[in-house]
Amino acid sequence: MNEVLSASATAVLYARLHISSGISMTEIVDQVAEKQLDFIREQVRTDLESGKHDKIVTRFPPEPNGYLHIGHVKSICLNFGVAAEFGGECHLRFDDTNPAKEDQEFIDAIQKDVEWLGCNWGEKIYYASDNFDQLYDYAEHLVEAGLAYVDDLNAEEMREYRGTLTEPGKNSPYRDRDVAENLDLLRRMKAGEFEDGARVLRAKIDMSSGNINLRDPVLYRILRATHPRTGDSWKIYPTYDFAHGQTDAIEGITHSLCTLEFEDHRPLYDWFIENLPVPSTPKQYEFSRLNLTNTVLSKRRLTQLVADGKVAGWDDPRMPTVSGLRRRGVPPEAIRDFVSRLAISKTEGVVEAAMLDHCIRDHLNTHAMRRMGVLRPLKLVIENYPEGESEELVAVNHPGDESAGTRMVPFSRELYVDRDDFMEDPPKKFFRLGPGREVRLRFAYFVTCTDVIKDASGEVIELRCSYDPATKGGDAPDGRKVKGTIHWVSAEHAIPAEVRLYDPLFDEPEGGSSDDFLEKLNPHSMERLRGCMVEPCLADASTEVAVQFERTGYFCRDQDSDENQLIFNRTVGLRDSWAKVKNK
């Protein structure tokens, strides 16, 4: 793991989401001061103690042009967490300034995801589009102050004039238009007199600046596109850079927390704040984004995966989107735990996907109910068990939690066990079924394999066994021990199911960041197992809560299930002791 982990105050992000209104600001600051703070929390504490702010206001500002992914969760937890820890508030704000790529579907999905993660914005939900009139007035203010002009250069010409990282740009031939002409042209742009792309409004800053973002950035462009909230009432739209800081100021944001790719934009952010009559003066602070191995956290690339049909949609369980993780059965608590372990710093790094799996497994091990499911069924017939009879056996729902109670599972003469639990010629350390071997059936009896039935091709199709009726419940009265315990389901009562096994989208850790990332996709990222058998109570399994298939992994019922077909998605696997032996 390349990103350094931190024992910062993020470890208590959600434990303190609802601070009592009876606690004073001084007490809150003192409590947070007891924690090891990251640089952002240190800044917040300093600003409160100095009296610069008497209340902290942050915001999570997604662009509604796609679904949220786990990289966004780091920002969500930071913004909502800082606000909660210091007794402030966090806004949910949609920076909806590009209707050509935005959709109500994304707005709805983002709200659902943020709420599912445990964040509550109350009535503090905003849109940049709420301020379109004010933003336009700010644009006219800059024109009147001689700090903005209408430019007729096309996109290609503008790139040529902008210069490079090593060469300064040069002024547009339209840069010195007078105020009256610029105002007239801007108002005509707003009225829809010109074609898309014919003109733009640019700030007049410094074309020789070493920071390309200050080389007369575009403030408004002509764009005829239906906006999800304002419809067709606007023919020009502000750029993200122009709208973002001013919207922060209008909302009274005190600390604008962004990822490091916006660090070079901060001088522009500050320039707008200094040159406009905004009601407040927020400050921008940058932190490292989350980079995760074996996946991709670029919204543009995720959009391409969906558009090209490489995945089944934004909520495909292989996707690193919040909705994909939810569909896979990942609990929000595990995601928050994962994010709480990440450093809030200015150092970029890459986090191993195994760390996320560890957090998921750690939570589910404590909370997931246990069930039995056989993924690769092999019939087992107990020859000395009475034909036509069955019984109900007591099974615990969670071995580490007595309060989880028990359930009854049906047992009969014919069972299904997992094919991987049998070897015809087992090695020394294989403690499962083999000819002449005795094992324990979970919650049931000891059985001994007496015969192996094969088909014409030599494939094992059935096991014949005998059982010891005195070992009901899994213990022998004579004290004899068996080394292996295997799971099973009653063939008569089992429910057929499809199980989908998910592996990372990319075989290579850096596959998602390569230029040819589509060629790096793991062709085996999903395996469908049909004809699986699960115990009857799983017919009512939730699509929101994962369960453990004993000795196999954690699984969640998929939303595509219906009364005719149960489908389960693997959330994460278990640690397999035999797999470790085989690998050695």
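These notebook entries record what I looked up in a predicted model of one chain.

**Entry 1. Conventions and confidence**

I worked with a predicted model, in which local features need pLDDT of at least 70 and side-chain atom pairs count only at pLDDT 80 or more, while totals for chains, interfaces and linings use all residues. Residues are numbered from 1 along each chain as its sequence is written, and side-chain values use heavy atoms, with hydrogens and water left out.

I first checked pLDDT, the predictor's confidence in each residue, from 0 to 100. The chain has a mean pLDDT of 92, and 92% of its residues reach 70 or more. Over residues 1–23 the pLDDT is below 50, yet this stretch has 60 contacts in the model beyond near neighbours in sequence. Contact means heavy atoms within 4.5 Å.

**Entry 2. The parallel sheet**

I took helices (H or I, at least four residues) and strands (E, at least two) as DSSP runs, numbered from the N terminus. Two strands pair if DSSP finds at least two bridges between them.

I found an open sheet of 3 strands in the order 1-2-3, with parallel pairing. Strand 1 (57–60) and strand 3 (125–127) are the edge strands, each pairing on one side only. From one strand to the next the twist averages 35 degrees. Strand 2 (residues 89–94) pairs with strand 3 in the parallel sense over 3 bridges. Phenylalanine 94 stands opposite tyrosine 127 in strand 3.

I then noted the helices on this sheet. Helix 3 (residues 70–85) lies across strand 1 and strand 2 and runs at about 160 degrees to strand 1. Helix 4 (residues 104–116) packs on the sheet and touches strand 1, strand 2 and strand 3, its direction making about 160 degrees with that of strand 2. Axes here are lines fitted to C-alpha atoms, for helices over the stretch in contact, and angles run from 0 to 180 degrees between N-to-C directions.

I found an open sheet of 4 strands in the order 4-5-6-7, with antiparallel pairing. Its edge strands are strand 4 (148–151) and strand 7 (236–238), each of which pairs on one side only. The twist averages 20 degrees from one strand to the next. Strand 4 pairs with strand 5 (residues 200–203) in the antiparallel sense over 4 bridges. Aspartate 151 stands opposite valine 200 in strand 5. Helix 7 lies across strand 4, strand 5, strand 6 (218–222) and strand 7, and runs at about 60 degrees to strand 4.

**Entry 3. Helix 5 and its partners**

I looked up helix 5 (residues 132–144) against helix 7 (residues 179–191): they pack at about 160 degrees, with their axes 9 Å apart. The two helices are therefore roughly antiparallel to each other. Angles under 35 degrees count as roughly parallel, over 145 as roughly antiparallel, 65 to 115 as roughly perpendicular and the rest as oblique. Residues of helix 5 in this contact include Tyr136 and Glu140, and those of helix 7 include Leu186 and Arg187. By class, this contact has 6 nonpolar, 1 polar and 4 charged residues. Ala, Val, Leu, Ile, Met, Phe, Trp, Tyr, Cys and Pro count as nonpolar, Asp, Glu, Lys and Arg as charged, and the others, Gly among them, as polar.

I next took helix 5 with helix 8 (residues 240–251), which pack at about 110 degrees with their axes 11 Å apart. That makes helix 5 roughly perpendicular to helix 8. Among the residues that meet are Leu135 and Tyr138 in helix 5 and Phe242 and Ile250 in helix 8. This contact has 7 nonpolar, 3 polar and no charged residues.
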